[in-house]
Amino acid sequence: MTVHRHLRAVPDHPPPYEVTAAEGWPPVAIPGRPGWWRHLINEEQVDLPTRDPQQT
């Protein structure tokens with residue numbers, strides 16, 4: 001198998017960044033983890049399987 005020069009020149013992907021929920025904003029969907037949401041509860045990052053933390 002031949003590797004073309006233009007494919008070797010592609011830089012590595014940057015590392016994924018940590019998703020952070022912020023005060024006053026709605027929960028954030030977690031990439032790569034369908035159905036899970038990151039919330040800011042009592043100043044802590046909490047992952048829940050719902051957008052509404054009252055449901056848990």
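Two strands count as paired if DSSP finds at least two bridges between them, and the strands themselves (E, at least two residues), like the helices (H or I, at least four residues), are DSSP runs numbered from the N terminus. The model on your screen is predicted, with local features needing pLDDT of at least 70 and side-chain atom pairs counting only at pLDDT 80 or more, while totals for chains, interfaces and linings use all residues. Residues are numbered from 1 along each chain as its sequence is written, and side-chain values use heavy atoms, with hydrogens and water left out.

Next, select the strands, which form an open sheet in the order β1-β2-β3 with antiparallel pairing. The edge strands are β1 (28-29) and β3, each of which pairs on one side only. Strands of a sheet pair through backbone hydrogen bonds, either parallel or antiparallel.

Now select residues 37-41, which are strand β2, together with residues 44-48, which are strand β3, and you will have an antiparallel pair joined over five bridges. Within this pair, show W37, which stands opposite L48 in β3. Then move to the hairpin of β2 and β3, where two residues lie between the strands and N42 takes a positive phi near 50 degrees.

Finally, return to the whole chain and show its surface. Of the 56 residues, 12% count as buried, a term that means under 20% relative accessible area with a 1.4 Å probe, protein chains only. The protein chain exposes about 5,200 Å², of which carbon and sulfur atoms supply 55%, with accessible areas coming from the Shrake-Rupley method and a 1.4 Å probe.

Note on methods. Buried means under 20% relative accessible area, exposed over 50%, partly exposed in between (1.4 Å probe, protein chains only).
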